[in-house]
Amino acid sequence: MSSIRFGTSLLSTTRHHSVINYSRIVIRPTILTQASRLTSAAAFAPRYCSSSKDSSSPPPTSHKDSAWRKMADEKQMPHYLKQDHDRVFDHNRAWAAAQEQRDPGYFAKLSEGQTPDYLWIGCSDSRIPAEQIAGLAPGEAFVHRNIANLVPNNDLNVMAVLDYAVRHLHVKHIVVCGHYGCGGVKAAMTPKDLGILNPWLRNIRDVYRLHEEELDAIKDEEARYNRLVELNVVENCRNVVKMAAVQQSYAENTYPIVHGWVFDFHNGLLKDLNVDFESMLEKIQKIYNLTN
């Protein structure tokens, strides 16, 4: 059996009660205007794009695996692992110092609590840091990630996150964000026994079954793959809308609104799938009405 490599790992208030129209809110993820966000990104940049010629620096990502094997052969792996570990703390100290210098009392304010407007349910893929691609600062998004951004009703982890975000944090938006090139979706399209991943990937295969006619009509494999990524996002938006906490909060407060987005590695942009939340809620409540 050939191996399938994932870029992910498995599973690991100011409160407003007025009627607000969030349907026209647009986030432009490629523009970060606040200096604190730029500093945060810059502080971590050396780890990924250092131009230093110091031989002790980590090798480029594209050659990292082979370099690790070579160092292991040379009994240098323990040294490299410690250096890679320490580098994170070096960057953390630099980031914290820069934040405090720019905004004295920043961490004191951060420690007072969180009132995020967004719940972000995304993929665990290491290349998609939610706050950075959406231009959100610490405290603006409550984040949950798993392989292929799924919201199965038997996963207590994601159910607990949703319930807490809606009932206690009073988030205004719930975003299910997938990405083109998703390893989990690709694996679900592969007719192989993947062991412990089978029950998780079955959720994506069920999405294919629900939309089999549309997907089979797409002859280009990559286009079919990308469409399944989008449909997987939409179906998991439906799973969010089926939740009692979401339905009851919306009936009482007119929020949260559920959105379906897809991230594109080729241009760094988020694509809004324009999920019609109100129409989706109306259809779902014919069977899954939990507002009483």
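Q: Which residue in strand 5 does Phe263 stand opposite?
A: In this predicted model, strand 4 (residues 257–264) and strand 5 (residues 269–272) run antiparallel and are joined by four bridges, where strands are DSSP runs of E with at least two residues, helices are runs of H or I with at least four, and both are numbered from the N terminus. Two strands pair if DSSP finds at least two bridges between them. Within strand 5, the residue that stands opposite Phe263 is Leu270.

Q: What is the phi of Gly268 in the turn of the hairpin?
A: Strand 4 and strand 5 form a hairpin with four residues between them. Gly268 lies in that turn, and its phi is positive, at about 75 degrees.

Q: Is the peptide bond from Tyr255 to Pro256 cis or trans?
A: Pro256 is placed in the loop between helix 11 (244–253) and strand 4. Most residues other than glycine have a negative phi, and most peptide bonds are trans. With omega near 10 degrees, the bond from Tyr255 to Pro256 is cis.

Q: What is the phi of Asn149?
A: Asn149 lies in the loop between strand 2 (141–146) and helix 6 (156–167), and Ala148 is found in that loop between strand 2 and helix 6 as well. Ala148 has a positive phi, near 70 degrees, in a residue other than glycine. Asn149 is not a glycine either, yet its phi is positive, at about 45 degrees.

Q: Why does Ala148 count as buried?
A: Buried means under 20% relative accessible area, exposed means over 50%, and partly exposed is in between, with a 1.4 Å probe and protein chains only. Ala148 counts as buried because its relative accessibility is 0%.

Q: What is the relative accessible area of Asn149, and which residues does Asn149 touch?
A: Contact means heavy atoms within 4.5 Å. Asn149 is buried, with a relative accessible area of 2%. Not counting residues up to four places away in sequence, Asn149 touches Ile121, Gly122, Cys123, Val176, Cys177, Gly178, Asn232, Val233 and Asn236.

Q: How far away from Cys177 is the nearest cysteine sulfur?
A: A disulfide is a pair of cysteine sulfur atoms within 2.5 Å, and the structure holds zero disulfides. Cys177 is in no disulfide, and the nearest cysteine sulfur, that of Cys123, is away from it by 9.3 Å.

Q: What is the relative accessibility of Cys237?
A: Cys177 counts as buried at a relative accessibility of 3%. Cys237 also counts as buried, and its relative accessibility is 0%.

Q: How far does helix 3 reach from its first C-alpha to its last?
A: Helix 3 (residues 77–102) has 26 residues, and among its buried residues are Tyr80, Arg87 and Trp95. The expected span of a helix is 1.5 Å times one less than its number of residues. Helix 3 is close to the 38 Å expected, since its reach from first C-alpha to last is 38 Å.

Q: Of the residues of the protein, what percentage count as buried?
A: Residues are numbered from 1 along each chain as its sequence is written. Local features need pLDDT of at least 70 and side-chain atom pairs pLDDT 80 or more, while totals for chains, interfaces and linings use all residues, and side-chain values use heavy atoms, with hydrogens and water left out. Of the 292 residues of the protein, the share that count as buried is 41%.
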